[in-house]
Amino acid sequence: MALDRITLSTFRNHAATRLDGAAHFNLLVGENGAGKTNVLEALSLLAPGRGLRRAPLADMAEQNGVGTFAISAALRTGDDDTVQIGTGTLPEAPGRRVVQINGAAASALALGEWLAIGWLTPAMDRLFADSASARRRYLDRLAVALDPAHARHASRYEAALRERNRLLADGPEPDAAWLDSIEVQMAEAGAALTAGRVAVIAALSAELEDLPDEPFARPDLAYIPGGGGSADALREEWRRTRGRDRAAGRTLTGPHRDELEVQMAEKAMPAAQCSTGEQKAMLIAITLAHAQLAAGGRPGVLLLDEVAAHLDPLRRAALFERLRESGSQIWLTGTEIAPFADILPEAAVWQVAGGKVERLG
Ligand SMILES: Nc1ncnc2c1ncn2[C@@H]1O[C@H](COP(=O)(O)OP(=O)(O)OP(=O)(O)O)[C@@H](O)[C@H]1O
């Protein structure tokens, strides 16, 4: 199985946790606050990025512990091949994440060459009701998993946008040549950002096309541009709208105003107006479609925190069936074991309590 022999040392409420004998389905069961999500968060740090809570590293080290943490796992890459991967912090730099691959120091980005990790957490349940910027961040995270360069385009665009906004908001008429040069940088990064978003939506839509409407609540995804399109069109637009943006004190159009629109296909109903369970089913559909795209030959891991609770028995059974067929290793959490009855015979089950993990089956 993709990940096995997993250890967490002084990570959140886990002083020393070890999970051996992982299977295709892995189930973490325990009361609220037991430390189930913490295990998923630890696994999410075996990929590039900030993990599924996007929390500061300092928060992850066990409170009242040694101030650092370590996570390690054996990653199966072929029938007989495993790679030892690990991440954590060191006492001399608790704010910096270190990564080891087969005992050698590596960059966090290098982890992405070995495996693809996706997740769905209850914090994402509000995605459709949330602000457009939350959906853009979500879309960008999906895009980065398919093309790591997307993160660079996003940060370059943000930096140039901040600079343009500062020039427009600050005092006297800004220097036109200086604005020109910033808008060129913004347009290049912005067009690449847009292209990445369009590409991930197109790829997801193709992947979702064959999904039956029932019981999965197939989502229709649409990209609504916040302005421009090509680098030339963006540059032209910003040049034309300098007066307007100066009056507003900020840039009113551009990829920072893009929107990801989601509808439930069967009803042509905006996702925000769908029921909690329907929204969850759509998020699951997107997560699974993305996992399929992201794996691309690498081992895949899917972390699904509390996904079973909102689903009716029919949708839950259909989800398990799809997960069974998935090439990704699946990690599920729940407060009760009953909703997982369908997969219990084939699952590795751990009871989590007070930051301790005990193997049940
Ligand atoms: N740095 C830390 N050191 C020690 N404990 C921590 C740290 N950060 C969080 N915790 C504790 O971890 C627990 C939360 O764990 P987690 O989110 O994994 O729970 P859970 O089992 O997923 O619960 P739920 O079912 O409510 O989602 C809380 O009790 C919290 O106080």
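Residues are numbered from 1 along each chain as its sequence is written. In this predicted model, local features need pLDDT of at least 70 and side-chain atom pairs count only at pLDDT 80 or more, while totals for chains, interfaces and linings use all residues.

Trainee: What radius of gyration does the protein chain have, and what would a compact globule have?

Mentor: The radius is taken over C-alpha atoms, and the globule rule is 2.2 Å times the number of residues to the power 0.38. With 361 residues, a compact globule would come near 21 Å, so the value for the chain agrees: 22 Å.

Trainee: Which residues come nearest to the ligand?

Mentor: A residue is near a molecule if its C-beta atom, placed from the backbone, lies within 6 Å of it. There are 16 residues around the ligand, and those that come nearest are N32, K36, T37, N38 and Q63.

Trainee: Which element gives the largest share of the shell around the ligand?

Mentor: Helices (H or I, at least four residues) and strands (E, at least two) are DSSP runs, numbered from the N terminus. The largest share amounts to three residues and comes from residues 36-44, helix α1.

Trainee: Is N32 buried or exposed?

Mentor: N32 is found in the loop between β3 (25-29) and α1. A residue is buried if 20 or more other C-beta atoms, placed from the backbone, lie within 10 Å of its own, exposed if 12 or fewer, and partly exposed in between. Because N32 has 6 other C-beta atoms within 10 Å, it is exposed.

Trainee: Why does K36 count as buried?

Mentor: K36 lies in helix α1. Leaving aside neighbours within four places in sequence, K36 is in contact (C-beta atoms, placed from the backbone, within 7 Å) with L28, G30, T333 and V352. K36 is buried because its count of other C-beta atoms within 10 Å is 26.

Trainee: How many bridges join strand β9 to strand β10?

Mentor: Two strands pair if DSSP finds at least two bridges between them. Strand β9 (residues 219-224) and strand β10 (residues 259-264) run antiparallel, and A222 stands opposite E261 in β10. The number of bridges joining β9 to β10 is six.

Trainee: Which residue in the turn between β10 and β11 has a positive phi?

Mentor: β10 pairs with strand β11 (residues 269-270) in the antiparallel sense over two bridges, and M269 in β11 is the bridge partner of M264. The two strands form a hairpin with four residues between them. The turn residue with a positive phi, about 50°, is A268.

Methods. Contact = placed C-beta atoms within 7 Å.
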